[in-house]
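Biologist: Could you walk me through this one? I'm new to it, so please take it slowly.

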Amino acid sequence: MMLILVLLPALAALSLTFIKSKKVAHIVTLTSLIAEAIVSTIALIVTPSDFVLFSMTDILTIAFRIDSISKIFMSIASYGFLIAGIYAFKYMEHDTREQSFLSFYLLSQAALMGMDFSKNLITMYLFFEMITLLSMPLVLHDRSKEAVAGALKYLFYSIAGAFLALGCIFFISQYTTTLDFAPGGNLDATKLVGHETLLLIAVFLGVIGFGAKAGMYPLHGWLPTAHPVAPAPASAVLSGIIAKAGVLAIIRVIYFSVGVEFLKDTWVQYTWISLALLTVFMGSMMAFREKIFKKRLAYSSVSQISYILVGLFFLTPESAMGGLLHVIFHATIKICLFMVAGSFIHNTEKTRVDEFVGYGKSMPKTLWGFTIASLALIGIPPASGFVSKWYLALGSLGSGINVLSWLAPVILLISALLTAGYLLPITVSGFFPGKDASIPEKNKEGGLGMIIPILTLAAISLLLGIFSGPIVEIFNNIASSMF
């Protein structure tokens, strides 16, 4: 099943290069995406297992493993790509380079699946680099001057981060018993004696490097540049799914290679938390000030993905559970929001948030989807975002890290207020434009191909919060097993 999930979208993407008919290309793409979702659903219930694909040396092996962490990221990569892909068919119906887009879209999914199933640091790094190279053409798609600049910035930031990460892997390999992932890590106490500071520095820089993909300060600058120029389906998966590759890599390094005990209560942990909290606040503030719709959502992603990192860096089971929950919830919400932005821009040819006054009348379904997803992102109960942020706050308060333990919930609350400030005015001006506003009369809804994916994800973002009990129990067990 792991091989199917990696190879199927890659083979489908290859076949698109020989297909002339747009209709056939849609059938091939949709078949691949549906098959991925079906196989992923089956894989959720299988017993964890692994296998070696091939070995370059005794140490350097390309190997796959499916475990509980794999299943979380596999789920968002399969279901998220399916829903965004259905939306893409309608969004790009008049695009002359649609098949090229769909090819790289499927290749990006294949690379993500390969990283999700990586058994060791070498395999993970290989697919981490492939994700960058295969997803960059999604940003470059329009071939405009701005698209080229955005794609290059994405590439340079990602490569710079990857070099830091590779250096970290070199050092980890010297002080661990194996490069394979294992809960609690694989540090060799004998080899480590006298080299603790060196390894701490290497791990610190490696996590900063992997954090470039997740948009963590100081390597966050590519997101607000790349998102506005990419097609909406690309922005949706970049923010909701592909950026999570950085989160997965950080989880594997901290919890499955080095181990919590080595990092807990060190300057490295405190600095990571501080940088993540700075990113949360800075991203929210920049989103609040930004007027371009997709750029506002890009800054929002900078902030919201660092919510996940805050939970992971506190190194407690409760905070880690909050971070893992937010992986799922943020993916659902942010894919929805970027699809809404794409529908507005595609159907109105307007890009600024202050230009959507009165569109609650001409695009009510789209705006309702936006409103529900916005409430979830803010963290208004009973929507899903409230649940993950609740456990993030509890985990930080229970960490016992002096100032940071109470500063984190304060910053999360301020960020929530800023999130309300940059999302809800769009809803208010859309539904309640005022007497003197010029209200568009013509229906500008994007058709079922756009509306159904948007409303589906909006409903999921609400239902995951209302019926969160079983999900919290499952994620609590997963987080506990990481320690």
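**A walk through the model**

Modeller: Bearing in mind that this is a predicted model, we can begin with helix H10, residues 232-242, which is mostly covered, since 11 of its 11 residues are buried.

Biologist: Which residues of H10 are buried, for instance?

Modeller: Among them are Ala 232, Pro 233, Ser 235, Val 237, Leu 238, Gly 240 and Ile 242.

Biologist: OK, switching to helix packing: at roughly what angle do the axes of H11 and H14 cross?

Modeller: The axes of helix H11 (residues 244-258) and helix H14 (residues 293-313) cross at roughly 5°, and they come within 11 Å. Angles under 35 degrees count as roughly parallel, and H11 and H14 are therefore described as roughly parallel to each other.

Biologist: And which residues make that contact?

Modeller: On the H11 side the contact is made by Lys 244, Val 247, Ile 250, Ile 251, Ile 254 and Tyr 255, while H14 contributes Ile 305, Ile 308, Leu 309, Gly 311, Leu 312 and Phe 313. Sorted by class, the contact of H11 with H14 has 10 nonpolar residues, 1 polar residue and 1 charged residue.

Biologist: Let's move to His 141. Where is it found?

Modeller: His 141 lies in the loop between helix H5 (121-140) and helix H6 (145-174).

Biologist: Is His 141 buried or exposed, and why?

Modeller: His 141 is buried, because its relative accessible area is 2%, and buried means under 20%.

Biologist: What does its side chain make a polar contact with?

Modeller: The side chain of His 141 makes a polar contact with the side chain of Asp 95, at 2.9 Å. If we leave aside the neighbours within four places in sequence, His 141 is in contact with Asp 95 and also with Met 92, Arg 97, Glu 98, Phe 101 and Pro 231.

Biologist: Now the strands: how do E1 and E2 run, and how many bridges join them?

Modeller: Strand E1 (residues 49-55) and strand E2 (residues 61-66) run antiparallel, and 6 bridges join them. A hairpin of 5 residues connects E1 to E2, and Ser 55 stands opposite Thr 61 in E2.

Biologist: Last one, Leu 394: where is its place?

Modeller: Leu 394 sits in helix H18, residues 384-397. With a relative accessibility of 29%, Leu 394 counts as partly exposed.

Key:
Residues numbered from 1 in each chain as written. Predicted model: local features only at pLDDT ≥ 70, side-chain atom pairs only at ≥ 80, totals over all residues. Heavy atoms only, no water. Helix = DSSP H or I, 4+ residues; strand = E, 2+ residues; numbered from the N terminus. Buried < 20%, exposed > 50% of the residue type's maximum accessible area, 1.4 Å probe, protein only. Polar contact = N/O pair within 3.5 Å; in protein donor to acceptor, adjacent residues only side chain to side chain. Contact = heavy atoms within 4.5 Å. Axes fitted to C-alpha atoms, helices over the stretch in contact; angles between N-to-C directions. Parallel < 35°, antiparallel > 145°, perpendicular 65-115°, else oblique. Nonpolar A, V, L, I, M, F, W, Y, C, P; charged D, E, K, R; others polar. Pairing = 2+ DSSP bridges.
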